[in-house]
Amino acid sequence: FLAYVGAFTFEFRHELLRELWEKDLLEKNVPLSQPIRLDELLTSDVEISKWTSEGLPPDELSVQNGILTTQSSRFPYCIDPQQQALKWIKKREEKSNLKILTFHDSDFLKHLEMSIKYGFPILFQDCDEYIDPVIENVLEKNVRGIEGRQFVVLGDKEVDYDPSFRLYLTSKLPNPRLTPAHFGKSMVINYTVTLKGLEDQLLAVIVKNERRELEEQRERLIQEMSINKKLLKDLEDALLRELSNSTGNMLDNVELISTLEETKSKADEVNEK
């Protein structure tokens with residue numbers, strides 16, 4: 001999913017997932033939950049809620065695109081005729097000193113160099129069918145390392161590379177003519193809104209405006225669930241650590257018994273909630 005489906009429409013993604021991949025897994029008797037939920041496998045309700053608060057619509061297509069944008073190993077190229085990706089990325093990265101540029105800006109190389117060096121996000125908009133070849137090494141993440149120093153070649157300069165650097169590309173064209181090189185060097189993601197996606201987005205807006213208390217309650221529940229899951233995970237890790245370090249008779253290990261009792265007590269509390 002993370003490697004191949006970004007450029008496809010929601011209908012084709014659904015066909016791949018439900019009618020091909022899931023069916024193939026079942027035929028091969030691979031254990032899996034049904035139906036396959038990408039949002040449960042690749043992200044969390046808390047993360048989706050955060051994306052929604054940043055302006056990403058909550059429909060299934062948008063959530064898939066959010067997953068692809070944040071988790072792909074390649075930098076995203078967003079096909080974005082309705083500019084939903086542009087608005088979301090702006091909001092998402094506004095506190096990280098996001099720079100918004102085009103390849104027509106005379107000083108884009110200077111800003112790109114600074115962003116790479118200090119780990120700031122940068123967004124090139126209106127990359128309709130042209131990506132300046134000078135950024136190819138950056139786009140392909142051709143990062144080199146010498147004596148503990150990481151750098152990337154930008155034009156004729158070696159620029160120190162901060163791993164937190166993020167690059168986004170967007171296009172307003174609904175069907176840009178992209179070459180195989182575009183697909184190989186970037187993660188092409190189709191943000192085009194479908195009729196089903198629009199219906200889901202409108203429903204979410206109506207619920208948010210007409211029954212705001214339900215939306216607020218949902219947000220609180222998601223936060224509580226996240227906190228509880230993290231608490232259980234921390235307790236499980238602590239218990240496993242005590243078990244692995246325990247020597248001799250476990251019943252004589254007061255700290256282990258205490259951790260076990262605390263884990264059981266907290267687990268019961270979480271299950272009640």
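The model is predicted: local features need pLDDT of at least 70, side-chain atom pairs count only at pLDDT 80 or more, and totals for chains, interfaces and linings use all residues. Residues are numbered from 1 along each chain as its sequence is written, and side-chain values use heavy atoms, with hydrogens and water left out. Helices (H or I, at least four residues) and strands (E, at least two) are DSSP runs, numbered from the N terminus.

**Strands and sheets**

- β4, β5 and β6 form an open sheet of three strands in the order β4-β5-β6, with antiparallel pairing; two strands pair if DSSP finds at least two bridges between them.
- The edges are taken by β4 (144-146) and β6 (157-160), each with a single partner strand, so one side of each has no neighbour in the sheet.
- Neighbouring strands of this sheet are turned by 45 degrees against each other on average, direction ignored.
- Three bridges connect β4 to strand β5 (residues 149-154) in the antiparallel sense, and Q150 in β5 is the bridge partner of G145.
- Strand β2 (residues 99-101) and β3 run parallel and are joined by three bridges; I100 stands opposite L123 in β3.
- Strand β3 (residues 121-124) is covered on both faces, with P121 and L123 buried on one side and I122 and F124 buried on the other. Here buried means under 20% relative accessible area, exposed means over 50%, and partly exposed lies in between (1.4 Å probe, protein chains only).

**Helices and their packing**

- Helix α6 (residues 108-118) lies across β5 and β6 and runs at about 40 degrees to β6. For such angles, axes are lines fitted to C-alpha atoms, for helices over the stretch in contact, and the values run from 0 to 180 degrees between N-to-C directions.
- In helix α5 (residues 84-93), the buried residues are Q84, A85, L86, W88, I89 and E93.
- These buried residues of α5 pack against α3 (45-53), α4 (60-71), β1 (76-79), β3, β7 (166-171) and α9.
- S62 lies in helix α4 and is buried, with a relative accessible area of 3%.
- Leaving aside neighbours within four places in sequence, S62 is in contact (heavy atoms within 4.5 Å) with L56, P57, Q84 and Q201.

**Surface patch**

- L195, L198 and L202 form a nonpolar patch on the surface, with about 310 Å² of accessible area together. Accessible areas come from the Shrake-Rupley method with a 1.4 Å probe, and for residues only the protein chains shown count as cover.
- Patches are made of residues with over 30% relative accessible area and no salt bridge; like charges are joined within 9 Å and nonpolar side chains (Val, Leu, Ile, Met, Phe, Trp, Tyr) within 5 Å.
- L195 belongs to helix α9 (residues 195-210) and is exposed, at a relative accessible area of 64%.

**Salt bridges**

- The count comes to 14 salt bridges, each being a side-chain nitrogen of Lys or Arg within 4 Å of a carboxyl oxygen of Asp or Glu.
- R37, D39 and E40 are linked in a network of salt bridges. R37 meets D39 at 2.6 Å, N to O, and E40 at 3.6 Å, N to O.
- K185 forms a salt bridge with E136, the closest N and O atoms being 3.0 Å apart. The pair links distant parts of the chain, with K185 in helix α8 (residues 180-185) and E136 in helix α7 (residues 136-139), 49 residues apart.
- K185 counts as buried at 19% relative accessibility, whereas E136 is partly exposed at 34%.
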